[in-house]
Amino acid sequence: MEQRTHRLTSERLVGKPLKIEPGRAEVELVTTGEMAVDEYGLVHGGFTFGLADYAAMLAVNEPTVVLGKAEVRFLKPVKAGERLKAEAKVEEDLGRKKIVRAEVFDGKGEKVLEGTFHCYVLERHVLEK
């Protein structure tokens, strides 16, 4: 399926789409030292969240989709150099509002983040006047 939204997203910072299907998406992110917050290599949670958010947007895959609210739980720390995979699925389609469930897994298949993303498909781009 063609990617219809968030087409300029940085693969290096937010991830690379692996699969986009109606109501579903998978995205992969290889974390780097640049994402680390300390000498242990702990990756800032914003990158893990960004990956999950991107997967949620792709699961909706509408050009004007935006995130309105997210409820997430970080389950395990991520270390620089790990390969993460996000899986997202539209759980509820309420017209212009979509409730998306997203999960992020590390290279061992262990879940590092899970959440619910409230996505809205706007009539026009959020920055359009």
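Visitor: Which residue in strand 2 stands opposite K19?

Guide: E26 stands opposite K19. Keep in mind that this is a predicted model. The two strands here, strand 1 and strand 2, pair in the antiparallel sense over five bridges.

Visitor: What makes strand 1 and strand 2 a pair?

Guide: Two strands pair if there are at least two bridges between them. Strand 1 and strand 2 have five bridges, so they count as a pair.

Visitor: How do you know that the side chains of E26 and K19 meet in a salt bridge?

Guide: Check the distance. A salt bridge needs a side-chain nitrogen of Lys or Arg within 4 Å of a carboxyl oxygen of Asp or Glu. For E26 and K19, the N to O distance is 3.9 Å. That is within 4 Å, so the name applies.

Visitor: Why is E26 called buried?

Guide: The cut-off for buried is under 20% relative accessible area. E26 has 17%, so E26 counts as buried.

Visitor: Which other residue forms a salt bridge with E26?

Guide: K85 does, with the closest N and O atoms 3.3 Å apart. This pair links distant parts of the chain: K85 sits in strand 4 (residues 83-94) and E26 in strand 2 (residues 24-30), 59 residues apart. K85 also meets E87 in a salt bridge, at 3.6 Å, N to O.

Visitor: Why is K85 called partly exposed?

Guide: Partly exposed lies between under 20% for buried and over 50% for exposed. K85 has a relative accessible area of 29%, so K85 falls in between. E87 is also at 29% and is partly exposed.

Visitor: How many salt bridges does the structure hold?

Guide: The structure holds 14. R73, R101, E103, K111 and E114 are linked in a network of them.

Visitor: What is the order of the strands in the open sheet?

Guide: The order of the six strands is 1-2-4-5-6-3, with antiparallel pairing. From one strand to the next, the twist averages 20 degrees.

Visitor: What makes strand 1 and strand 3 edge strands?

Guide: Each pairs on one side only. Strand 1 covers 16-21 and strand 3 covers 65-74.

Visitor: What holds strands of a sheet together as pairs?

Guide: Strands pair through backbone hydrogen bonds, either parallel or antiparallel. Here, strand 2 and strand 4 run antiparallel and are joined by seven bridges. A25 stands opposite A88 in strand 4. Strand 4 and strand 5 are also antiparallel, with nine bridges. There, E92 has I99 in strand 5 as its bridge partner.

Visitor: Why is the pair of F49 and F117 called tilted?

Guide: Take the distance first. Ring centres must lie within 6.5 Å to pair, and these centres are 5.6 Å apart. Next comes the angle. Planes under 30 degrees apart count as stacked, and over 60 as edge-to-face. The planes of F49 and F117 stand at 40 degrees, so the pair is tilted. A search of the whole structure finds one aromatic pair.

Visitor: What does the pair of F49 and F117 tie together?

Guide: F49 lies in helix 1 (residues 45-60) and F117 in strand 6 (residues 111-121), so the pair ties together parts 68 residues apart in sequence.

Visitor: Which residues touch the most other members of the largest nonpolar core?

Guide: They are L51, V100, V104, F117 and C119, out of 28 residues in that core. Helix 1 gives the most to this core, with nine residues. C119 has contacts with, among them, A56, M57, V60 and V100.

Visitor: How do you know that A86 is buried?

Guide: Use the cut-off again: buried is under 20%. A86 is at 0%, so A86 counts as buried. A86 has its place in strand 4. Its contacts include A25, E26, L51 and V104.

How values were computed. Residues numbered from 1 in each chain as written. Predicted model: local features only at pLDDT ≥ 70, side-chain atom pairs only at ≥ 80, totals over all residues. Heavy atoms only, no water. Phe/Tyr/Trp six-rings, centres within 6.5 Å; stacked < 30°, edge-to-face > 60°. Helix = DSSP H or I, 4+ residues; strand = E, 2+ residues; numbered from the N terminus. Buried < 20%, exposed > 50% of the residue type's maximum accessible area, 1.4 Å probe, protein only. Axes fitted to C-alpha atoms, helices over the stretch in contact; angles between N-to-C directions. Core = buried A, V, L, I, M, F, W, Y, C linked by side-chain atoms within 4.5 Å. Contact = heavy atoms within 4.5 Å. Lists of a residue's contacts leave out its neighbours within four places in sequence.
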